[in-house]
Structures are given as C-alpha cells and as structure tokens.
Amino acid sequence: PLFGLKVVAVQLESADDLEKVAAYYRQALSKYGPILECSDAAKRKRKTEVPATGDDELTCDPDEPGSHKVVYKVGTDKNQRIVALKPHGRGTQFSLVHVDTRGESDE
C-alpha cells in the first residue's frame, strides 16, 4: 500500500513504584535510540544521547506529560515508541504505545 498506520497500545499496572518502572523502561527503550523525556521536571526536550537532526525528530507536545508524571518517547515522528507513567495507589499505572506510519513520500 502507498500509506498506512499501525498502532499498538496497552495499559498496565505494576505494584512497583514509579521510579523502578521508569528505570526499567528507560533501559528497555534505549535500544531503539535516544530517549526523549517529557515531564514536569523536563519541560523542554532532553535526550539521553546526541539527538538526531531533521524534520522527523520527536518533540514533546505542549500538553505532555498531561495526567502522567513522565512520558518517554523514542524513534522518529513516523515510527515511535511511547511509555507514559503515573503513580497509582502504591504502584504505577503505565501505557505502552507503538505508532508506525508511512506515506507516499516514504522510501
């Protein structure tokens, strides 16, 4: 096909505290490239490695992290993985999302 959109999403809960779950996903996401952190503490984008340049680079949306304590993004604007975390009782509630889009301009 000339264009497409694939979205995979799941919402989970853990009895572990937010910092433990966040550390796990920072490590897990690092294999996909530089991690963009969108949080109250990091209102401006901050990468764990040297950022890629170009129009396809990820950015924090103005409303992020929203109701979440922290949002991690990795990849490109057209192929990104997102982890959004927030405290939930004594544990953590988190969402995992993978968005993959392609269009006529993609090779």
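Residues are numbered from 1 along each chain as its sequence is written, and side-chain values use heavy atoms, with hydrogens and water left out. Because the model is predicted, local features need pLDDT of at least 70 and side-chain atom pairs count only at pLDDT 80 or more, while totals for chains, interfaces and linings use all residues.

The protein chain contains 1 helix and 5 strands, where helices (H or I, at least four residues) and strands (E, at least two) are DSSP runs numbered from the N terminus. Read from the N terminus, the order of elements is β-α-β-β-β-β. Of the 107 residues in the chain, 33% count as buried; buried means under 20% relative accessible area, exposed over 50%, and partly exposed in between (1.4 Å probe, protein chains only). The accessible surface of the protein chain is about 7200 Å², and carbon and sulfur atoms account for 51% of it. Accessible areas come from the Shrake-Rupley method with a 1.4 Å probe; for residues, only the protein chains shown count as cover. Among contacts (heavy atoms within 4.5 Å) between residues at least 6 apart in sequence, 51% join residues at least 24 apart.

Strand β5 (residues 91–102) pairs with β1 (residues 4–14) in the antiparallel sense, over 11 bridges. Two strands are taken to pair if DSSP finds at least two bridges between them. In this pairing, G4 has R102 of β5 as its bridge partner. Strand β5 also pairs with β4, again in the antiparallel sense, over 10 bridges, and here N79 is partnered by D100 of β5. The hairpin of β4 and β5 has 2 residues between the strands, and G89 in this hairpin takes a positive phi near 60 degrees.

The largest nonpolar core comprises 12 residues, including L18, Y25, I35, Y72, V83 and F94. A nonpolar core is a set of buried Ala, Val, Leu, Ile, Met, Phe, Trp, Tyr and Cys residues joined through side-chain atoms within 4.5 Å. At least two residues of this core come from each of α1 (18–29), β3 (70–76) and β4 (79–88). Helix α1 provides the largest share, with 5 residues. Leaving aside residues up to four places away in sequence, L18 touches K69, L85, K86, P87 and T92. Apart from this core lies another, of 7 residues, among them C38, C60, I82 and A84.

A search of the whole structure finds 1 disulfide, defined as a pair of cysteine sulfur atoms within 2.5 Å. The disulfide joins C38 to C60, with an S to S distance of 2.0 Å. It links distant parts of the chain, 22 residues apart: C38 belongs to strand β2 (residues 35–39), and C60 to the loop between β2 and β3. The link of C38 and C60 is left-handed, with -95 degrees about the S-S bond. C38 is buried at a relative accessible area of 1%, and C60 is buried at 19%.

The structure holds 1 salt bridge, that is, a side-chain nitrogen of Lys or Arg within 4 Å of a carboxyl oxygen of Asp or Glu. The side chains involved are those of K20 and D16, at 3.8 Å from N to O. K20 counts as exposed, with 53% relative accessibility, whereas D16 is partly exposed at 33%.
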